[in-house]
Amino acid sequence: MRTEQIALSPLAPGADLSLTVQRFGPEGARPRVYIQASLHADEIPGMIAAHHLRERLTALEAEGRIKGEIILVPSANPIGLAQRVLGDPIGRFHLADGVNFNRGYPYLVPKVAERIEGKLTKDGEANVRLIREALRAELDAWEPSNPADVMKKALLGLAQEADTVLDMHCDSEAVVHLYTHTRSAEEFAPLSALIGSHAYLIADVSGDEPFDEACSRPWAELADRFPDHPIPFGCHSTTLEFRGERDVDHETARADAAALIDYMILRGAVGGEAPRVPEALCRATPLAASEPVQAPAYGILVFKVEVGEKVKEGEAIAEVIDPLTGTVVLAKAPSDGVMFARVAVRFVTKGMRIAKVAGTTAKRTGKLLGA
């Protein structure tokens, strides 16, 4: 394992913040896999999975079984880890401006298209190399204006030249689920099965420029802009949601790490006998078919449905009880599907998002992700 530190302090005078980057396998080898944990710094299941993954990768490297280059950032957000409000960690949003750490990554496609105009050939692999160089040049030209953007630039710089990007998160209370680009649905189908995903959500554009789309979306859009030239999909990226915030234990994390190793064996980054891929628990469905459930009133929230359960449209998934009058109002499922996530709080205000149901019929448009 080769370890390096990337300083994040240029725009944060007096702060000594850095990213720890751990590299396994031959430098520059393909396929290159980039893995990061806890971009939302208070989402710990990915971080403990990374802990066990590092142990596995260290052993595999000693056995000579790592064939590609694997880059691991076991804790991707030192800024968020340092944030506290009244003693509670605030790792999802940058306190300086309220911006989500997983939003606002640079959209590089227009400038990259200008750079590669007239230079593409009939050689797909040469085109991939050309586009990666252009993506790197445009990212280098981006001048961040705050510490959070310095960190985003560093993370994207580590990831954007990878063949595969795995961004490990979690929800409040949830079963395993994942998000990816529509054109990566087949690529990550084995991974969805290996990790036991209950919802597999795909979109071309989800809104607000999250990290995974900053890595993968340029390849789809550049291929569409230059249809006369072969442009393979150079970076398949996914957001993996490893259950809920409290699901932090060694047994589960070891299983998650083992599933990631199995997937990397399938993709040739790790040597070994191909694992058996279990039957998938779900198929890929549009992110636009995933609908939030809003609290219909103010009061005590009592769920009637557990995460991972299938629901029918109109089915009551929770009660909201007015503590003063005793009035009970039902929160109902917006469609048939799986309730794959819900909030951890148990007192809500009217209109608050309290759960998510993955349906099959696309209904929503515009920004598809929550805050």
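1. Asp208 sits in the loop that runs between β10 (199-203) and α7, and in this predicted model its phi is positive, at about 70 degrees, although the residue is not a glycine. With a relative accessibility of 35%, Asp208 counts as partly exposed, because that value falls between the 20% and 50% cut-offs. As background for this point and the next two, most residues other than glycine have a negative phi, and most peptide bonds are trans.

2. Leu86 is another residue other than glycine with a positive phi, here near 50 degrees, and its place is the loop between β5 (84-85) and β6 (88-89). Is Leu86 buried or exposed? Its relative accessibility is 86%, and Leu86 therefore counts as exposed.

3. The peptide bond between Arg30 and Pro31 is cis, with omega at about 0 degrees. Pro31 belongs to the loop between β2 and β3 (32-37), so a colleague looking for this bond in the model can start from the stretch between those two strands.

4. Turning to the chain as a whole, its secondary structure amounts to eight helices and 20 strands. The radius of gyration is 21 Å, close to the 21 Å that the globule rule gives for 371 residues, and the chain is therefore as compact as a globular protein of that length. Along the principal axes, the C-alpha atoms occupy a box of roughly 70 × 50 × 45 Å. Of the contacts between residues at least 6 apart in sequence, 70% link residues that are at least 24 apart.

5. On burial and surface, 53% of the 371 residues are buried, while the accessible surface comes to about 15900 Å², with carbon and sulfur atoms accounting for 51% of this area. The charged side chains comprise 41 positive and 52 negative ones, and the centres of these two sets are 1 Å apart.

6. In soluble globular proteins, nonpolar side chains tend to be buried together. The largest nonpolar core of this chain holds 42 residues, and those touching the most other members are Tyr34, Val73, Ile116, Leu155, Val165, Phe211 and Leu222. Two or more residues are contributed to this core by each of β2 (18-24), β4 (69-73), α3 (109-116), α4 (124-141), α5 (147-159) and α7 (211-225). Which element gives the largest share? It is α5, with eight residues.

7. Ile116, one of the core residues that touch the most other members, is in contact with Leu130, Ile131, Ala134, Leu222 and Phe226 when neighbours within four places in sequence are left aside. Another core lies apart from the largest one and consists of 35 residues, including Val33, Ile70, Leu178 and Ile195.

8. Lys356 is placed in strand β20 (residues 353-358) and is partly exposed, its relative accessible area being 28%. Which residues does Lys356 touch, not counting those up to four places away in sequence? The contacts are with Asp171, Tyr179, Glu291, Pro292, Val338, Met339, Phe340 and Ala341. Pro190, by comparison, is 166 residues from Lys356 along the chain, and the C-alpha atoms of Lys356 and Pro190 are separated by 24 Å.

Conventions: Residues are numbered from 1 along each chain as its sequence is written. This is a predicted model: local features need pLDDT of at least 70, side-chain atom pairs count only at pLDDT 80 or more; totals for chains, interfaces and linings use all residues. Side-chain values use heavy atoms; hydrogens and water are left out. Helices (H or I, at least four residues) and strands (E, at least two) are DSSP runs, numbered from the N terminus. The radius of gyration is taken over C-alpha atoms; the globule rule is 2.2 Å times the number of residues to the power 0.38. Buried means under 20% relative accessible area, exposed over 50%, partly exposed in between (1.4 Å probe, protein chains only). Contact means heavy atoms within 4.5 Å. Accessible areas come from the Shrake-Rupley method with a 1.4 Å probe; for residues, only the protein chains shown count as cover. Lys and Arg count as positive and Asp and Glu as negative; His and the chain ends are not counted. The place of a charge is taken as NZ of Lys, CZ of Arg, CG of Asp or CD of Glu. A nonpolar core is a set of buried Ala, Val, Leu, Ile, Met, Phe, Trp, Tyr and Cys residues joined through side-chain atoms within 4.5 Å.
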